[in-house]
Structures are given as structure tokens and as C-alpha cells.
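Subject: The structure I promised you

Hi,

Here is the structure you asked about.

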Amino acid sequence: MNAVLLGTQGLSPADFLALFTHFLMLSMLAIGGAITTVPDMHRLIVDERGWLDDTAFTASIALAQAAPGPNVLFVAVIGYNVGGLAGVAAAMVGNLLPSTTLALVASRWGAQRSASRGVRAFTGGLAPVTLGLLAATAWILTEPVRGHPGAWALVAVTLFVMLGTKLSPLWPIALGALAGALGLMG
Amino acid sequence: MPESPLAVPASPGHLFTAFTALAMQGFGGVLPVAQRELVERRRWLTSEQFVDILSIGQVLPGPNIVNMALIIGDRFFGWRGALAATSGLLALPLVVVLLLAALYAQFAEVPAVAGALRGMGAVAAGLILSTALKLLPALAGNPMGRIGCAGFAGLTLLAVGVLRWPLVWVVLGLGVVAWFTAWHRLAR
């Protein structure tokens with residue numbers, strides 16, 4: 001993988017265009033984040049074009065989630081594994097340009113009307129749904145480790161650190177990595 | 001929890017470094033760090049504003065945290081702020097994740113590495129849960145009241161977390177019902 005950092009992995013300009021335009025489309029469908037479009041990315045990249053195999057595709061996502069920064073960077077890792085730095089550019093620009101443009105326009109539109117009943121009802125109505133989604137995300141993230149008491153202890157320690165102290169989230173993250181590396185998560 | 005007077009970032013450059021700093025602390029998700037940094041530490045936003053912006057980021061397509069950075073940056077410094085916050089969020093973590101991708105192949109088979117990823121996953125769950133708990137006070141003045149809020153939050157958790165219904169339908173379906181309910185309550 002290292003040797004191809006600047007290479008194109010044998011992809012043609014037409015392939016990069018296909019990657020770019022497909023990710024442009026997925027950007028506008030990614031309600032709830034880019035992660036919700038993973039099944040369709042998999043269809044294009046693994047099933048149809050064979051640019052990556054299953055293992056490389058899944059490892060790309062796991063790697064980005066373990067690294068610091070937004071989870072959407074898994075798109076960059078997939079782009080990199082498909083076509084080096086040109087793949088990164090095609091995947092990331094395609095994936096972010098439409099949604100960020102829309103967010104800017106929609107946010108300005110809403111900010112000008114923030115006192116209106118429609119906008120107040122929108123933010124008020126969505127607030128509990130948003131908090132419910134956070135709880136659902138937490139529940140889903142525990143799935144791979146739900147059977148291990150150590151995982152629940154880690155969740156409890158994390159809650160204590162975040163709610164009861166001023167410590168950085170880096171401390172529980174480091175503790176979790178250490179506990180997992182020592183084999184306490186099965 | 002009383003809200004003390006809000007502060008503002010000094011410049012787009014200040015936004016860039018603040019978002020770089022919070023992104024680099026975000027393992028398994030940036031949102032918990034964003035809440036701690038932007039609401040609790042820097043006081044650039046109240047809890048209510050944070051939940052409002054998160055709700056907008058959630059409903060629009062695209063990554064929530066990227067949409068949030070863009071909206072927050074835009075509110076302080078227009079498009080220059082939006083660009084500064086978003087690129088701060090993405091630039092350095094992008095370099096780091098690509099370096100890791102280049103190294104990963106050699107370490108993927110080591111059991112300690114796989115175990116560490118699982119341990120970090122459990123902590124990421126705890127971080128997201130703590131964020132939800134800390135944002136609860138933002139619902140205090142909600143037009144739907146406590147019971148309405150608990151109902152919509154509970155239904156969302158059930159539909160997305162337990163039943164695994166597609167997020168887009170849950171957000172659009174429950175979101176529209178919640179919007180209508182809040183609209184109705186605001187009339188009284």
C-alpha cells in the first residue's frame with residue numbers, strides 16, 4: 001500500500017470520474033452521515049468495479065473510526081486504497097461538496113427566520129429526536145463488546161469522567177485502548 | 001446549570017485551530033469533544049444552540065459534525081468562518097488517517113491492535129451517551145414538554161437503536177410528527 005501513495009492503482013481517468021460522480025450523488029443521500037451510504041459505496045467499489053475486496057473495504061472503515069477526527073474520513077481511506085491521493089480527492093470532494101453547500105444555504109435561510117413559528121417548531125421538535133439518536137448511536141457502538149463485563153465497566157468509567165470531572169476524553173480513550181490491548185475485551 | 005456570558009472566537013484562524021484541536025481529540029467520533037470544547041470550555045455556544053445546530057446537521061445530508069462546523073463557522077465569520085472551521089476539522093486528521101492507512105497493513109493481524117480497537121469502541125459508546133445526558137437540560141424550555149420530549153427521544157432510540165430501521169425514514173417520519181407537534185404547541 002505504501003508504494004502507491006502517489007500512484008493511481010491502475011485506475012483510468014474515467015474510473016476517477018465514476019468514483020467522483022457516484023460520491024457526489026451519495027452526498028445528497030447521506031442523511032445521518034456518510035456512514036449510512038456505506039452499503040451503496042460497497043456495491044460500487046467491491047461488487048461492481050472490484051476496486052477493493054471485502055476485507056480492505058471493512059478495514060478502511062474500522063481504521064478511520066479508530067483514528068482521531070470525524071468518522072467521514074473513512075471516505076478518504078477508501079479513496080486512498082482505491083486510487084492513491086487522486087482517489088482521496090475524488091472521494092472526499094465528491095462526498096462533501098454537495099452536502100456542505102446545502103448546509104450553508106439551509107442554515108442561512110433558517111437563521112434569517114429563527115424567530116418564526118415554523119423554525120422554532122422545527123428546532124424544538126427535532127431536539128428530542130436528536131438526543132434519541134445519540135442514545136441509539138451509543139447502543140449500536142456497544143454491539144461488538146456487549147457480552148463482556150469489562151466493556152460495561154469502561155462505559156461506566158467514561159460516563160463518570162465526562163459527567164463528574166474536567167478530564168479530557170483522551171484519558172478514557174487511552175484506558176479503553178490499553179484494556180483492549182491487554183485482552184480484557186475478549 | 002447556569003450559563004455564564006458567552007464568548008466569541010477572535011478570528012477565522014482562531015476557529016481553525018479550535019476545530020483542529022477538538023478534531024484531534026475525537027477518537028470514534030468528534031461530537032462529545034465538540035460539546036465539551038464549544039459549550040463547556042470555550043463557551044462559544046449554549047447547550048440550546050448546540051442542540052439546535054446538531055438537529056440541523058442531523059436532518060441535512062452529510063456528516064453531522066462537518067455540517068455543524070460549517071454552520072458554526074458561518075455564524076461567526078460568514079463563509080470565511082465556515083471554510084476555516086471545516087478545514088480545521090478535516091485537514092490534520094486527514095493527514096493522520098492517511099499515514100495510519102499506509103501503516104495499517106503491517107499491524108492488522110496483531111491481536112493487541114484488534115483488542116485496542118474494541119476497547120476504544122466501548123469508550124466511544126460511553127462518550128456519546130455522556131454527551132446525550134449533558135445535553136438534556138437543553139430540552140427544559142421545549143414546547144413539547146417533558147413527556148413529549150421523552151416520548152420522541154424514546155421512540156427514536158427504539159426505532160434506530162433496537163429495531164434498526166433506516167435512519168433516513170426515522171428522521172423524516174418522526175421528525176415531521178415532532179415538528180408538527182411543536183408547531184401545534186407553540187400556538188397556545
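Below is what I found, starting with the chains and ending with a few single residues.

First, some housekeeping. This is a predicted model, so to speak of a local feature I need pLDDT of at least 70, and side-chain atom pairs count only at pLDDT 80 or more, while totals for chains, interfaces and linings use all residues. Residues are numbered from 1 along each chain as its sequence is written, and chains are lettered from A and ligands numbered from 1 in the order in which they are written.

**The two chains**

Chain A has 7 helices and 0 strands, and its pattern along the sequence reads α-α-α-α-α-α-α. Helices (H or I, at least four residues) and strands (E, at least two) are DSSP runs, numbered from the N terminus. Chain B also comes to 7 helices and 0 strands, with the pattern α-α-α-α-α-α-α.

Along the principal axes, the C-alpha trace of chain A spans about 55 × 55 × 25 Å, and that of chain B about 60 × 45 × 30 Å.

How much of each chain is buried? In chain A, 49% of the 186 residues are buried, and in chain B 55% of the 188 residues are. A residue is called buried if 20 or more other C-beta atoms lie within 10 Å of its own, exposed if 12 or fewer, and partly exposed in between, with C-beta atoms placed from the backbone.

**Domains**

The bounds here come from an automatic or database domain assignment. Chain A is divided into domain 1 (2-127) and domain 2 (142-186), and their C-alpha centres lie 29 Å apart. Chain B is divided into domain 1 (1-140) and domain 2 (141-188), with 24 Å between the centres, taken over C-alpha atoms.

In chain B, 4 residues of domain 1 are in contact with 5 residues of domain 2. "In contact" is used for two residues whose C-beta atoms, placed from the backbone, lie within 7 Å. The domain 1 side of that contact has 3 nonpolar, 1 polar and no charged residues. For these classes, Ala, Val, Leu, Ile, Met, Phe, Trp, Tyr, Cys and Pro count as nonpolar, Asp, Glu, Lys and Arg as charged, and the others, Gly among them, as polar.

**Where the chains meet**

Here 87 residues of chain A are in contact with 93 residues of chain B. Which helix gives the largest share of chain A's side? That is α5(A), with 24 residues. By class, the side of chain A that touches chain B has 58 nonpolar, 26 polar and 3 charged residues.

**The core**

The largest nonpolar core has 125 residues, and Leu73(A), Ala76(A), Val77(A) and Ile128(B) touch the most other members. Such a core is a set of buried Ala, Val, Leu, Ile, Met, Phe, Trp, Tyr and Cys residues joined through C-beta atoms within 7 Å. Helix α4 (residues 64-107) of chain B gives the most to this core, 19 residues.

Leaving aside neighbours within four places in sequence, Ile128(B) has contacts including Leu134(A), Leu141(A), Gly29(B) and Pro32(B).

**Single residues**

Gly94(A) sits in helix α4 of chain A. Is Gly94(A) buried or exposed? Gly94(A) is buried, because 22 other C-beta atoms lie within 10 Å. Apart from neighbours within four places in sequence, Gly94(A) is in contact with Phe20(A), Phe23(A), Leu24(A) and Ser27(A).

Two arginines in loops are worth a look too. Most residues other than glycine have a negative phi. Arg43(B) has a positive phi of about 55 degrees although it is not a glycine, and Arg43(B) is found in the loop between α2 (31-41) and α3 (47-59) of chain B. With 15 other C-beta atoms within 10 Å, Arg43(B) is partly exposed.

Arg164(B), also not a glycine, has a positive phi of about 60 degrees. Arg164(B) lies in the loop between α6 (145-162) and α7 (167-186) of chain B, and counts as exposed, with 11 C-beta neighbours inside 10 Å.

Cheers
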